[in-house]
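Please open the model in a viewer and keep the selection tool at hand. The stops below are arranged so that each selection leads to the next.

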Amino acid sequence: MLNVGKIEEGFVLDHIKAGQALTIYHHLGLDKMDCTVAMIMHARSGKMGCKDILKVECDINKLDMDVLAVIDTGITVNVIKDGEIVEKKDLTLPKEIKGVFACKNPRCITSIEQELPHVFFLADEKKGLYRCRYCEEKFDKRQLD
Ligand SMILES: [Zn+2]
């Protein structure tokens, strides 16, 4: 497999559905952070056929992984410290997700009051369903693709 250098501290996000690496990059806010990111797209995978991988070199305490679970709980999160995998993190759905996804309902108060934070709460844990705190509009995962 393609090797994009070793990282000293950070995360390797594996088993990302092919084509979703860029979505994850944006929703984790990596474009606004001072860290090195390697994106491997359409890597061959025995299990998945094709997958994306993200390598992020950063302070491991600075990155909020909650948003990842909302995108796809199937992603494997490897935590790297001193160049070694020290932990494999399980992704669990956060109860609430704030300021990451925008409510698409044009009548929602967040569409009118631009400075209000967008907040979604976990309405159904089994289905991984989120609703807008203000108007209860469903969060549609298709808007991530
Ligand atoms: Zn709303």
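Begin where the two domains meet: 5 residues of domain 1 are in contact with 5 residues of domain 2. The model is a predicted one. To display the two parts, colour residues 9-89 as domain 1 and residues 96-139 as domain 2. Their C-alpha centres are 24 Å apart.

The area buried between domain 1 and domain 2 is about 420 Å², and 84% of it lies on carbon and sulfur atoms. Now select His27, Val67 and Val70 in domain 1; these residues lose the most area to domain 2 and together supply 87% of what the domain 1 side buries.

Move to Ile24, which is placed in helix α1 (residues 21-27). Is Ile24 buried or exposed? Its relative accessibility is 0%, so Ile24 counts as buried. Display its surroundings to find contacts with Leu13, Ile16, Leu54, Leu68, Ile71 and Ile75, leaving aside residues up to four places away in sequence. A distance drawn from Ile24 to Lys88 reads 18 Å between C-alpha atoms, for two residues 64 apart in sequence.

Select His15 in strand β1 (residues 10-17). The phi of His15 is near 60°, a positive value in a residue other than glycine. His15 counts as buried because its relative accessibility is 17%, the cut-off for buried being under 20%.

**Salt bridges**

How many salt bridges does a search of the whole structure find? The search gives 6. Side chains of opposite charge can pair when their charged atoms come close.

Start with Asp14 and Lys51, whose side chains meet in a salt bridge at 2.9 Å, N to O. This pair links distant parts of the chain, with Asp14 in strand β1 and Lys51 in strand β3 (residues 49-57), 37 residues apart. Both Asp14 and Lys51 are buried.

Then select Asp72 and Lys17, which form a salt bridge with their closest N and O atoms 3.7 Å apart. Asp72 lies in the loop between α2 and β4 (76-81) and Lys17 in strand β1, so this pair ties together parts that are 55 residues apart in sequence. Asp72 counts as buried at 13% relative accessibility, whereas Lys17, at 44%, counts as partly exposed.

A further salt bridge joins Asp124 and Lys127, with 3.8 Å between the closest N and O atoms. Asp124 counts as partly exposed at 23% relative accessibility, while Lys127 counts as exposed at 68%.

Centre the view on His118, in the loop between α3 (109-112) and β7 (119-124). Which backbone atom does the side chain of His118 reach at 2.9 Å? It is the backbone nitrogen of Cys103. Apart from residues up to four places away in sequence, His118 touches Ile97, Lys98, Gly99, Phe101, Ala102, Cys103 and Thr110.

Finish at Glu136, in the segment after β8 (129-132). Glu136 is not a glycine, yet its phi is positive, at about 65°. With a relative accessible area of 46%, Glu136 is partly exposed.

Conventions:
Residues numbered from 1 in each chain as written. Predicted model: local features only at pLDDT ≥ 70, side-chain atom pairs only at ≥ 80, totals over all residues. Heavy atoms only, no water. Domains from an automatic or database assignment. Contact = heavy atoms within 4.5 Å. Buried area = accessible area lost by both parts, 1.4 Å probe. Helix = DSSP H or I, 4+ residues; strand = E, 2+ residues; numbered from the N terminus. Polar contact = N/O pair within 3.5 Å; in protein donor to acceptor, adjacent residues only side chain to side chain. Buried < 20%, exposed > 50% of the residue type's maximum accessible area, 1.4 Å probe, protein only. Salt bridge = Lys/Arg side-chain N within 4 Å of Asp/Glu carboxyl O.
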